[in-house]
There are 2 protein chains.
Amino acid sequence: MTGFVSFVSSGPGDPELLTLKAVARLQAADVVLFDDLSSGPILAHAREGADLVGVGKRAGRLSPKQDHVSRLLVDYAQTGARVVRLKSGDSGMFGRLEEEITALRDAGISYEVIPGVSSAMAAAAAAGIPLTRRLTARRVQFVTGHDVTGSLPGDLNLAALADPSATTVIFMGKRTFPELAGLLIGAGLSPQTPALLAESVSTPAQKITRGTVGTMADLIASEAEDGPALILIGPLAE
Amino acid sequence: MTGFVSFVSSGPGDPELLTLKAVARLQAADVVLFDDLSSGPILAHAREGADLVGVGKRAGRLSPKQDHVSRLLVDYAQTGARVVRLKSGDSGMFGRLEEEITALRDAGISYEVIPGVSSAMAAAAAAGIPLTRRLTARRVQFVTGHDVTGSLPGDLNLAALADPSATTVIFMGKRTFPELAGLLIGAGLSPQTPALLAESVSTPAQKITRGTVGTMADLIASEAEDGPALILIGPLAE
């Protein structure tokens with residue numbers, strides 16, 4: 001008797017940005033494994049009696065190791081349960097989905113992935129801007145601002161990132177942005193390039209701060225907000 | 001008396017991939033301007049009596065010019081109506097959102113943007129793969145396969161696109177893919193790089209075809225499907 005795992009994208013934070021399919025999977029779940037960013041109103045869609053298991057990496061408590069999360073997923077599924085693995089934003093983006101999929105495949109457990117609203121799209125929407133522009137912003141790229149050690153990744157493609165005609169969205173990159181901005185400017189990107197800091201997007205704590213690649217490091221240093229943050233760079237980030 | 005325009009992302013096609021907020025805006029709308037990809041079940045959320053206005057660019061009939069769509073948006077809003085502008089996928093991605101926003105700003109009409117599930121995220125989910133991988137696929141990029149004339153854009157950043165450690169998603173790029181593949185291979189990308197063609201994602205006509213950058217052009221030539229298509233390239237597209 002083998003269960004089934006639905007990887008469900010919970011979106012950027014606003015419970016109204018859940019998809020109808022995400023709600024349906026939550027309502028049908030026996031077990032929900034959730035990250036810290038999947039908040040109360042989102043979990044409230046689960047039926048009474050469902051097991052709600054927090055496996056978040058934030059909130060100051062001890063962080064379960066990734067292989068522990070994968071083992072929990074497999075263990076719950078092997079009881080025959082319908083398991084929902086909630087992941088914030090879109091589950092396929094910077095969320096270690098692959099490690100969990102690999103664990104399920106190794107254990108012979110079926111799964112599905114329900115796509116969702118990425119916080120990158122939500123950040124642009126909150127700022128009232130598109131991510132692309134005909135002729136001048138035809139490429140959009142998403143990168144993470146830190147590697148497993150917390151440092152700026154060492155193998156950045158600067159020719160890609162310093163392209164003035166791309167829109168770049170940096171996930172989890174607030175702390176390393178001063179270093180990244182220096183690299184981008186060194187690679188030829190104008191310090192005047194518009195930049196936008198989007199924090200706690202789509203939640204009541206949402207804050208949008210506009211600047212440039214040259215000024216954003218100081219803007220980041222001058223504020224204390226500690227929620228999830230994205231930085232958008234490019235001609236449209238004005 | 002000025003109305004209000006909600007740009008509502010309708011997602012990749014599956015009506016269940018609408019967000020709760022998109023449904024709420026549709027239910028409250030006096031007028032819905034929709035593209036061809038926003039199908040019947042999605043429009044069925046509009047209340048009885050709402051005006052449903054097709055402004056699609058496909059389906060074989062005469063395509064309204066972009067400035068005509070913008071004028072319609074302004075005209076409807078100026079009647080005081082609550083207008084929903086439905087856009088397939090995420091409205092900020094390759095959907096000419098900027099032109100329509102500019103027209104509203106020029107006319108002094110307020111608007112909001114409701115983000116949605118991009119067809120890129122839906123394509124990866126349908127294939128059961130993530131878009132990112134720790135260490136080996138830390139950058140994701142989205143490009144369009146044709147410019148306003150229908151040709152491959154002339155100013156492609158090949159250093160960005162031929163990067164073997166990125167996941168690249170090409171929108172509307174089926175016809176120009178043979179030319180693009182040649183450029184990518186010429187720029188050093190291995191022809192063995194996995195590639196995946198995702199057609200009519202999340203609809204009953206969905207079709208996923210796997211190949212490589214070297215073989216995908218032939219795979220495209222050998223099939224007749226004419227729905228919307230994305231091509232994913234990169235280590236995760238296996």
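Over all chains, the count of salt bridges comes to 22, a salt bridge being a side-chain nitrogen of Lys or Arg within 4 Å of a carboxyl oxygen of Asp or Glu. The structure is a predicted model, in which local features need pLDDT of at least 70 and side-chain atom pairs count only at pLDDT 80 or more, while totals for chains, interfaces and linings use all residues. Residues are numbered from 1 along each chain as its sequence is written, chains are lettered from A and ligands numbered from 1 in the order in which they are written, and side-chain values use heavy atoms, with hydrogens and water left out.

One of the salt bridges links Asp30(A) with Arg47(A), whose closest N and O atoms are 2.9 Å apart. Asp30(A) belongs to the loop between H1 and strand E2 (31-34) of chain A, and Arg47(A) to the loop between helix H2 (40-43) and strand E3 (51-54) of chain A, so the pair ties together parts that are 17 residues apart in sequence. Helices (H or I, at least four residues) and strands (E, at least two) are DSSP runs, numbered from the N terminus.

The size of an interface is often given as the accessible area lost when the parts come together. Chain A and chain B bury about 4500 Å² between them, with 59% of it on carbon and sulfur atoms; buried area is the accessible area (1.4 Å probe) that two parts lose on being put together, summed over both. In chain A, the most area is lost to chain B by Leu20(A), Arg134(A) and Arg138(A), together 15% of what that side buries. The contact (heavy atoms within 4.5 Å) takes 57 residues from chain A and 57 residues from chain B.

Six salt bridges are found across the interface of chain A and chain B. In a salt bridge between side chains, Arg138(B) meets Asp155(A) at 2.7 Å, N to O. On the side of chain A that touches chain B, E6(A) supplies the largest share, six residues. The residues of that side of chain A divide into 31 nonpolar, eleven polar and 15 charged; here Ala, Val, Leu, Ile, Met, Phe, Trp, Tyr, Cys and Pro count as nonpolar, Asp, Glu, Lys and Arg as charged, and the others, Gly among them, as polar.

E6(A) is also joined to strand E6 (residues 139-144) of chain B by five bridges, and the two run antiparallel; strands pair if DSSP finds at least two bridges between them. Within this pairing, Val143(A) stands opposite Arg139(B).

Chain A is assigned domain 1 (4-114) and domain 2 (119-233), the bounds coming from an automatic or database domain assignment. The C-alpha centres of these domains of chain A lie 27 Å apart. Their contact takes ten residues from domain 1 of chain A and 14 residues from domain 2 of chain A. The two domains of chain A bury about 770 Å² between them, 73% of it on carbon and sulfur atoms, and zero salt bridges are found across their interface.
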